[in-house]
Every structure is written in structure tokens, then in C-alpha cells.
Amino acid sequence: MNTSPVRFGLIGTGRIGQVHAATIAANPDAELTGVADVMVDAARATAQRYGGRATADPVELIRSGDVDAVVIASPTPTHVDLIEAAVEASVPVLCEKPIDLDLARVDALWPQVQAAGVPVALGFNRRFDPAFASVQARVAAGEIGELEQLSIVSRDPSAPPAEYVGVSGGIFRDMSIHDLDMARFFLPDIVEVSATGSQMFDAGARQHGDFDTAVITLRASSGALVSITNSRHSAVGYDQRLEAFGARGMLQVANAPTSLVSLSTASVVEARPPYQEFFLERYAEAYAAEIAAFICRVRGEESASPSYTDGRAALLLADAAQRSAREGIAVPVDLRAGVGSGVS
Ligand SMILES: NC(=O)c1ccc[n+]([C@@H]2O[C@H](COP(=O)([O-])OP(=O)(O)OC[C@H]3O[C@@H](n4cnc5c(N)ncnc54)[C@H](O)[C@@H]3O)[C@@H](O)[C@H]2O)c1
């Protein structure tokens with residue numbers, strides 16, 4: 001068994017790229033040997049801090065022979081071409097979500113990914129959150145009997161800039177996609193999607209015909225129902241909760257406090273600091289576990305990394321949610337039908 005550190009190339013050094021750089025540098029089974037960003041100064045700064053050489057050209061890095069695997073953390077429209085370059089060069093990939101905003105492009109790349117047989121994992125980090133992973137494992141072990149309902153609440157602290165909303169692909173593909181994958185973590189075989197959206201507060205969403213507030217209902221082939229509640233803002237901070245309700249009980253994940261210290265005075269019984277600010281803080285452990293699972297995948301060991309087809313399934317569900325919200329209908333889906341089909 002090869003136990004030398006996996007040599008990583010990082011593509012994109014923005015918000016999530018910084019998380020991956022720090023996580024790779026902190027993992028004893030990994031080493032950052034290359035950093036690519038079209039803003040080469042950003043690549044240099046990241047390489048200086050976490051290791052590796054810097055380049056402005058991600059494809060050069062992929063083909064250089066200096067990396068055993070790459071993490072793609074550049075903007076979504078770059079993902080398909082970079083995955084293609086990596087599988088062509090037989091370099092395993094961990095790609096950030098979503099694969100692309102266009103299901104047809106995702107499907108067009110699939111034969112190449114499948115034929116190459118190179119690991120391609122998707123950055124659905126929430127599957128690796130210790131609390132969510134524990135609930136999923138306990139549900140799978142039958143602790144609460146058959147899963148009947150899954151409730152996911154996912155609200156960002158504040159809406160993104162209007163320009164970002166315009167290119168994001170909409171709330172379902174950009175934001176709900178994490179929750180749609182979380183639903184599939186528990187109930188892989190979703191057969192129907194209903195969604196409704198609203199413009200409550202965000203000028204950017206109104207300007208671009210998007211929603212800032214959404215509720216999605218999914219039906220699994222078992223009959224179990226999932227509800228996903230999304231908002232682009234939350235006055236209480238990053239709101240990430242989950243409840244699994246089964247025939248014999250219920251498992252719940254509350255928001256993570258930033259501190260375990262509480263206050264009691266003559267005028268206040270209890271006040272705690274607010275919830276975690278955003279994903280960087282809330283999911284720090286999950287990102288570390290995500291990289292660790294991907295390293296297992298690269299080494300050919302057992303791994304829970306979500307796959308390219310998980311990425312495709314989440315995008316298909318997001319498309320169905322978008323259609324449902326626009327047309328006011330429930331949309332049947334067939335995730336087992338495979339690439340090139342699935343939405344009736
Ligand atoms: N899993 C998560 O929790 C999570 C969180 C945030 C973003 N994301 C996803 O990660 C991706 C990046 O998002 P972000 O918020 O970090 O973006 P960002 O804009 O902060 O950073 C993107 C970086 O990529 C660089 N870049 C642009 N084109 C490039 C190219 N062709 N090659 C190399 N580098 C290039 C940019 O210069 C920038 O430094 C998106 O797909 C997004 O959906 C995932």
C-alpha cells in the first residue's frame with residue numbers, strides 16, 4: 001500500500017480554495033505541490049503560505065506530473081473543462097459543486113469520466129459534517145425505524161451581491177444543491193420534486209428573476225418525504241438544522257454555537273453568543289474529513305466521497321425544483337434512468 005503523501009494541485013484560490021489549501025496543508029497524508037489561479041498573484045500568495053509552486057495555467061499544472069490529484073475550486077463555468085483535462089491526464093479530481101449549471105454539459109462529459117475510470121469526487125462537504133454523518137449512520141442502522149420525514153433548514157447569513165445572483169444559476173442550483181444532496185445522503189432514490197419560491201427581501205434576486213426564499217418538497221421511492229427550507233438571509237446567523245423523523249423516534253441536529261458559555265444575570269436568564277458566521281466556520285471539520293475521504297479514494301481504499309453521478313443527481317433535482325417553482329407543478333424524476341434522461 002502506498003502511504004506517501006498525496007501530492008495535491010489546487011485550482012482556484014478564492015473563498016473555498018483557501019479552505020482547501022489550509023485543509024490539505026494540515027493533513028499528514030497530503031502535500032500541496034501546485035497552485036493554479038488565473039490571478040497569478042493569488043496563486044503565489046497561497047503557495048507561499050501552504051506550499052507548492054504557483055502558476056496561472058491550471059491545465060499546465062494538471063499535465064505537469066507534479067500532482068497526484070487536483071481540487072477544482074475555480075468558478076463553476078470552469079469545472080467541466082478542468083475535469084475533462086484531469087481525467088484525460090489520469091489525475092483524480094475533487095471538484096466543487098455544482099459540476100456545471102447545464103445538465104446537458106454534465107451528461108456530455110460523463111462517457112469520458114466513466115471510460116477514464118479516474119476518481120472524480122464532488123464537493124458536497126456537508127455529508128462529512130460529524131453531526132449530519134452521525135445522524136445518517138444512525139438512521140441507516142435502524143435506530144429510529146423506517147425514515148418517514150426528513151426536514152432540512154438551510155439559511156445563509158446574508159444574500160450574495162446582485163452580480164453573483166445573476167450568474168449563480170438561481171437559488172436551487174447554487175444554494176439548495178447542498179440540501180438536495182443531503183436529502184439523497186439519506187434517501188438516494190428521489191422520485192418527485194415540488195418547489196415554490198418567493199422574492200421577499202433581496203433586490204438582486206428581484207433584478208435577476210431569482211428567488212431569495214424557497215421551500216422544496218421531495219418524495220422518495222419509499223414514500224418518505226423531505227422538506228427543504230432555504231433563505232438567502234438569516235438575522236440569527238448561519239442556520240443549518242436537520243431532523244430525521246422515523247417510525248420509532250427522531251434525531252435532530254441543532255445549530256452549532258460559537259461558544260458553550262452562557263450568561264445569567266438579574267435581567268437576563270441566558271444569553272449566548274450567536275451561531276457560526278458562515279460555511280467556513282460551521283463546516284471546518286467537514287472540509288477536513290472531505291479531503292481525508294478523497295485521499296482514501298485516490299489511494300483506492302474504501303471511501304465515502306460523493307461521486308460525479310451524485311453531482312449530476314443533485315443538479316437534476318435542482319433543475320426539477322426550478323421547473324416546479326416556475327410552472328406550479330410537481331415534477332417526476334427518475335434518477336435511476338441514468339445520464340441523458342431523468343426529468344419527465
Ligand atoms: N462546498 C462549499 O461549501 C462551497 C462554498 C463556496 C463556493 N463553492 C463552489 O466553489 C467554486 C468557487 O467558489 P468561490 O466562492 O471560492 O469563488 P471565488 O470567486 O472566491 O474564487 C474563485 C477563484 O478562482 C480563480 N479562477 C477563475 N477562473 C479560473 C481558472 N480558469 N483557473 C484557475 N483559477 C481560476 C479566481 O481568480 C478566484 O481566485 C464555485 O463552484 C462554488 O459554487 C463551494
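Predicted model: local features only at pLDDT ≥ 70, side-chain atom pairs only at ≥ 80, totals over all residues.
Strands of a sheet pair through backbone hydrogen bonds, and they can do so in a parallel or an antiparallel way. Here the pairing is parallel, and the sheet is an open one of 6 strands. If you read across it, the order is S3-S2-S1-S4-S5-S6. At the edges sit strand S3 (53–55) and strand S6 (120–122), each of which pairs on one side only.

For a look at one pairing, go to S3 and its partner, strand S2 (residues 30–36). The two run parallel and are joined by 3 bridges. You can find Gly34 standing opposite Arg53 in S3.

Now for the helices. Helix H11 (residues 284–298) lies across several strands: S1 (6–11), S2, S4 (69–72), S5 (93–95) and S6. Relative to S1, H11 runs at about 120°.

H11 also packs with another helix, H1 (residues 15–26). Two packed helices are described by the angle between their axes and the distance between the axes. For H1 and H11, the angle is about 65° and the axes are 10 Å apart. Their crossing is right-handed.

So which residues of H1 and H11 meet? From H1 come Ile16, Val19, His20, Thr23 and Ile24, and they meet Tyr287, Ala288, Glu290 and Ile291 in H11.

Notes. Residues numbered from 1 in each chain as written. Heavy atoms only, no water. Pairing = 2+ DSSP bridges. Helix = DSSP H or I, 4+ residues; strand = E, 2+ residues; numbered from the N terminus. Contact = heavy atoms within 4.5 Å. Axes fitted to C-alpha atoms, helices over the stretch in contact; angles between N-to-C directions. Left-handed = near helix turned anticlockwise from the far one by under 90°.
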